[in-house]
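Subject: Structure for you to look at

Dear colleague,

I am passing on the structure we talked about, and below it I have set out what was found in it. Please keep it open beside the text as you read.

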Amino acid sequence: MTTPPSGAPTTANMSRIPGPYRTVLITGVSKGLGKALALELAKRGHTVIGCSRSQDKLNSLQADLAAAAVSNPNSPAAAVKNKHLVFNVDVRSNSNVEELARMVVEKKTFPDIIVNNAGTINRNNKFWDVPAEEFDTVIDTNVKGIANMLRHFVPLMIEHKQGVIVNMSSGWGRSAAAQVAPYCASKWAVEGLTRSVAKELPAGIAIVALSPGVINTEMLQSCFGSSASLYQTPEAWAPRAATLILNLSTGDNGASLTV
């Protein structure tokens, strides 16, 4: 996988989300990058709102978040250990995401930052041999999932006059590779959608596309097989990713960044 050079947020003299402790909503939170990021944020004392389609994994994550919240003796995380929220949501469903937004409003736990992390990839195959259903799943998750989140959460951010949205992209959203054309197409769409929406947002709100780099996740294993183990784990990635995300500002609106 070819990954562009690392980008750095351009936060100088630009307004940031009020701190020091934030509420961060993460989709696809039950495994991989989403889970590692959620646990890192909880360890630092931030409040996590998470969603995924796996109820069993969400149940165990709730306990893991509470444990992470008190694992750092230098953090006031204990005060928020029971404030983390997890929901069973399929971001491909507009009505599911609409209900998520409603529940978040009811809980009065407004997200300062949203990380649209939920994603999937096609099995390695020439494009014309990818089944239509598999192509639809990639597009529905990686593109429509983000669109559904934007549709229902941007108005909330506009109402609150602040917020940062992070759309997880990929090196393959800025380059191309054989055998994964549906995935590449979806991540190029994420990049374009992010840049376009950035031009529509009012002052105080920012949206960025963020490539995580090459990480040993289930998706990478599906492409690279055993050689995926040569790359860093989500747990090793999460601290740098958390720091970058927490330091994003309105000055980064429309940027394409890399952890």
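Predicted model: local features only at pLDDT ≥ 70, side-chain atom pairs only at ≥ 80, totals over all residues.

Helices α3 and α4

Helix α3, which covers residues 94-107, and helix α4, which covers residues 132-160, have axes that come within 8 Å and cross at roughly 25 degrees. Since angles under 35 degrees count as roughly parallel, α3 is therefore roughly parallel to α4. The crossing in which α3 passes α4 is right-handed. On the α3 side, the residues that meet α4 are Asn94, Val97, Glu98, Leu100, Ala101, Val104 and Val105, while α4 brings Asn148, Met149, Arg151, His152, Phe153 and Leu156. Sorted by class, this contact of α3 with α4 holds eight nonpolar, three polar and two charged residues.

The two contacts of helix α1

Helix α1 and helix α2 (residues 55-69) have axes that come within 7 Å and cross at roughly 35 degrees, and α1 passes α2 in a right-handed crossing. Here Lys35, Ala38, Leu39, Ala42 and Lys43 of α1 touch Leu61, Asp64, Leu65, Ala68 and Ala69 of α2, and the residues of this contact divide into seven nonpolar, no polar and three charged.

With helix α7 (residues 234-246), the axis of α1 comes within 8 Å and the two cross at roughly 65 degrees; the crossing of α1 with α7 is right-handed as well. From α1 the contact draws on Gly32, Leu33, Ala36, Leu37, Glu40 and Leu41, and from α7 on Pro234, Glu235, Trp237, Ala238, Pro239, Ala241, Ala242, Ile245 and Leu246. By class, the contact of α1 with α7 has twelve nonpolar, one polar and two charged residues.

The largest pocket

The largest pocket holds about 900 Å³ of space. Its lining is made up of 42 residues, and those nearest the centre of the pocket are Lys31, Ala118, Gly119, Thr120 and Met219. Two or more lining residues come from each of α1 (32-43), β2 (47-52), α4, α5 (181-198) and α6 (218-224), and α6 gives the most, with four residues. Taken by class, the lining of the largest pocket has 16 nonpolar, 18 polar and eight charged residues.

With best wishes

Definitions and conventions: Residues numbered from 1 in each chain as written. Heavy atoms only, no water. Axes fitted to C-alpha atoms, helices over the stretch in contact; angles between N-to-C directions. Parallel < 35°, antiparallel > 145°, perpendicular 65-115°, else oblique. Left-handed = near helix turned anticlockwise from the far one by under 90°. Contact = heavy atoms within 4.5 Å. Nonpolar A, V, L, I, M, F, W, Y, C, P; charged D, E, K, R; others polar. 1 Å grid on protein atoms, 1.4 Å probe; cavity = no way out; pocket = protein on both sides within 12 Å on 5 of 7 lines; lining within 4 Å. Points joined across faces, edges and corners; volume = space filled by probe spheres on them.
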